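Have a look at the model first.

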Amino acid sequence: MTERFQSALETAFGEEYAGTDPVIRPSQFADFQANAALALAKRLGDNPRAVAQRIVDALDIDDIADAPEISGPGFVNLRLHDAWIAAQVDALDARLGVPLQQPQTIPVDYSAPNVAKEMHVGHLRTTVVGDALVRTLEHLGHRVIRQNHVGDWGTMFGMLIEHLLDVGEDSPEALLMVSDPNAFYAAANAQFASDPEFATRARARVVMLQGGDEDTLRHWHELVDLSKQYFNRIYATLGVTLTDDDLAGESTYNDELAEICEELEERGIATISDGALCVFLDGYLGREGKPVPLIIRKSDGGYGYATTDLATIRRRVRDMKADRILYVIGVTQALHLNMVWDTARKAGWLTDDVEVVHVQIGSVLGEDRKLLRTRSGKPLKLMDLLTDAVSTARSVVDQARPDLAEDVRAAIAPQVGIGAVKYADLAVAHDSDYVFDLDRMVTLTGNTGPYLQYAAARIRSIFRKAGLTPAQADATVVVTEPAERALALRLLDFGEVVLQVGDLLEPHRLCGYLFDLAQLFSSFYDECPVLKAEGDTRASRLALCAATLAVLDQGLDLLGIPRPEQM
């Protein structure tokens, strides 16, 4: 469509207008509306309606649409031929209209929990949004490098290692790292605060760790390995694609941090201030107009997040050859990231041909519109939240489908519960906060994950009743009824929506599209009998069902939402 209009613009106004955006948008008065005339009128010194008429006169579109109509101040309205819409649905291949883009190398930094600490609800969004983005970018043909930048280094590990040695490496207390990391951490911290001798040993252990003591490093690896088991339980429950191979913890950059500081200091980018090595950048001012420092090395000689983050971006550009780098991190980290990026640019580590993007993540709120916490005021453990979701979903499934066997309902509940949580998170703009309402999330009506899961399961049920697989529904699609037409036309938007998600990094666009598609299918199913239809009409409608199921399945897979066979 765009190419047809651009060709008309070139014919009507000359070669210099060949690449002009025709500004094609959906319209309530037609299938599409091209608004280029309004923008071009001033440039051409002509009346918008006259410009629109010249576009229409040059437009070669008879084979795909009715004669264009000009409305209002110069809108060009188009209504596509029913036969053309049906033919495009017939022509959908396995990619369902999603093109392959010119491949880029894209490291994506997401999830990033801390070793020896429980993942809490704050980790939900960066994990879920990040995973939806990597799935989508890979589907678009990019080389995505998952980067789970876990916190696995620092002074607290002296305390944790000493506590591990005290309780025993194979003790039940040590295994808390797998089931309840916070309990192990809290016990170590309490001992550190109350036992001066333990605190002395812990501080000495930090020095041994940083110095590369072999035995200390072995115990550190044990702590990390125990935490990996915990992380993997969370990731398996959530159904995200992160694995141990994607771990890129702070420890992996440890040997580079002194070099980072040395180079910045030698080049005059970093200077000593109050004993700390800092970078002061133009435009970053705090209270009373005082410069805000990016602390590269603390006054005690230790390194902070800024040093490690500079090492990460240098490695991602220099070694990974990144074209685009995504940081799926909380919105509150914007200032920090911008200062890191500007420092890296100044050092030449971040070059102009590499795009860096902060995919800003908002917060999950409770009913009081404050950060979601337990009744005691503590951060809500992520596993507890997921367990509650599955339990709530089980109640819904038991009530809605008591006819299903016990083992079937037990299998469906986690798919519905986890899908509900993930969809609720993804369905809002990633930089917005949202209120966590589990009862609403698991309902089978409205813009929810279960509603989409039910739509897909409903189509599978149609094919079971028809005695066919969706792949066998390969008849020619014929569009005659308005509900058929609306559904078929919306199916053709899938490729463009997926492109938008990859380019704009906004998974909520795909959620909105799939919800709209499911609603259109519901209207189609209500208004156009499928199994009761006969002959070519039945075959055509089954083919339209198969195309809808394929798009729903692919879309839900890109979001990481499970798809139950029945609901």
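Which residues of helix H7 (residues 172-179) are buried? This is a predicted model, where local features need pLDDT of at least 70, side-chain atom pairs count only at pLDDT 80 or more, and totals for chains, interfaces and linings use all residues. Residues are numbered from 1 along each chain as its sequence is written, and side-chain values use heavy atoms, with hydrogens and water left out.

Back to H7: its buried residues are Ala174, Met177 and Val178 (buried means under 20% relative accessible area, with a 1.4 Å probe and protein chains only). They cover an arc of only 100° around the axis, so they sit on the same side of H7 (the arc is that of the directions from the helix axis to the C-beta atoms). An α-helix has 3.6 residues a turn, so residues three or four places apart point the same way. Their cover includes helix H6 (156-167), helix H8 (181-194) and H10, with contact meaning heavy atoms within 4.5 Å.

Now follow H10 (residues 214-238) to H14 (residues 382-400): the two pack at an angle of about 30°, their axes 11 Å apart. That makes H10 and H14 roughly parallel, therefore (angles under 35 degrees count as such). On the H10 side, Arg233, Ile234, Thr237 and Leu238 meet Leu382, Met383 and Leu386 of H14.

Zooming out, 49% of the protein's 567 residues count as buried. The C-alpha atoms fill a box of roughly 85 × 70 × 40 Å along the principal axes.

Methods: Axes fitted to C-alpha atoms, helices over the stretch in contact; angles between N-to-C directions. Helix = DSSP H or I, 4+ residues; strand = E, 2+ residues; numbered from the N terminus. Parallel < 35°, antiparallel > 145°, perpendicular 65-115°, else oblique. Buried < 20%, exposed > 50% of the residue type's maximum accessible area, 1.4 Å probe, protein only.
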